[in-house]
Amino acid sequence: MPPPGQPLSQEREAGSAGGSGPEHGPHVNWLFVDLNSYFASVEQQDRKELRGRPVAVVPMLADTTVCIAASYEAKAFGVKTGTLVGDAKRMCPGIELVEARHELYVDYHHRIVEAVESCLPVSATLSIDEMACRLMGRERPLLAALELGRRVKSRIRERAGETLRCSVGLATNRYLAKVASDMEKPDGLVALTLDILHEALRRLTLRDLPGVGARTEKRLNEKGIRTMDELLALNCEQAGELWGSVWGERLWHWLRGEDFGMSETDHLKSISHQHVLAPEMRTPEKAWAVAHKLLHKAAMRLRSNGLWAGNIGLAVGFSTPRGENIPVSTFGVPARGWHGELKLSECQDNQTLIAALSRLWGTIPKGKGFEQPYFVGVHLGELVPDRLHTLNLFDALEGNQSRVRLLTAMDELNHKYGMNTLAPATMLTAYKAAPTRIAFHSIPDLF
């Protein structure tokens, strides 16, 4: 790395940094940074009294909600993301519950990005707590990459805070670098080079692979794949057939260390927002206002990403009295759920989306058991990017173009001053009821 004061870009272009390691031997192409227990670590950094103590970050202070993050002190008691708050209290009697402060997490995210970029450029921000950096020239030999990983970890602690620990993964492609970052937590530094790759992957489970969750694992098991050895034994064509999509073929190549970019057709496949209603908001009228606000957020993200929606979905959970033999939801509430969808002509404007949401809302069942909504979720699916959007007869009409200009102006103001600067009057009831939540795959600057 260059001495203090020397621009990093010059060093990357010239490839003349000191400590680059041998020119021959294992090389890697990617460095992946994964912050450990990010939300909880930020809280411990911001509030010194929380350091060294079990902490759980929650969306609201209620036993029926879930932990959205846990410190490593809390994880030692079995508390993790998704644990019911009531259960967390029983598992860890001294746990400190902290209501999420998402603006603070976004602020720290940008500090961390700046810290990493003082060492090397960030090529992709994958989530609020993950980023990937492509290595170039003399950064690629293993010894040089390991030194760079240690420097990144140190710089984050120096510039963002001593409680902000991260795991760094190094590999020949971005996917494997992510796998490596998950192999040693907290504060790990792991390299998956080609010479050890096959043996290292054999020791993992299917669930250790990014993109393989409980449902995918079950589907793989049903098709006779239960171990990494069985997955690695497949050829490329078999992997494609196993997944039923190009994803399987890509994974086959990635697991062999090949490095290639994503297809130009890759983009967000869906956008969704959901919210558990506070007790005072559990009426149909207030739930509708929250649904409207969630759609407002989703529509802004849709346009910000240059996407068009071909489908809209609405989900509502209704709480019911205990003792009626009704299943208990993941939030600990006896509940029944409802979900509806509508096909759309590709759109991204509020007027069309609100009209579709209103139609869906009108189809919600009425009567006993459907009087008290406690959960609302809005989903936009079948997304296509601008370059693949099929123009319809009305896209060029003057009125439609005026609406597009109006939405662009509204979005610009909301980007600059906050999403509630200009919003439909129907969501005013929900002004503070559905605050911004950070999905782990996005950093909501515009909110």
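## Helix α11

In helix α11 (residues 236-243), the buried residues are Cys236, Ala239, Gly240, Leu242 and Trp243. Because they cover an arc of only 160 degrees around the axis, they lie on the same side of α11; the arc is that of the directions from the helix axis to the C-beta atoms. Glu237 and Glu241 are exposed on the other side of α11. Buried here means under 20% relative accessible area, exposed over 50%, and partly exposed in between (1.4 Å probe, protein chains only). Helices (H or I, at least four residues) and strands (E, at least two) are DSSP runs, numbered from the N terminus.

## Surroundings and ends of α11

The buried residues of α11 pack against α9 (214-222), α10 (228-232) and α12 (246-254). At the N-terminal end, Asn235 caps α11, with a side-chain oxygen 3.2 Å from the backbone nitrogen of Glu237.

## Model and whole chain

This is a predicted model, in which local features need pLDDT of at least 70 and side-chain atom pairs count only at pLDDT 80 or more, while totals for chains, interfaces and linings use all residues. Residues are numbered from 1 along each chain as its sequence is written, and side-chain values use heavy atoms, with hydrogens and water left out.

The protein chain has a mean pLDDT (the predictor's confidence in each residue, from 0 to 100) of 82. It contains 15 helices and 13 strands, and 51% of its 447 residues are buried.

Conventions: Contact = heavy atoms within 4.5 Å. Polar contact = N/O pair within 3.5 Å; in protein donor to acceptor, adjacent residues only side chain to side chain.
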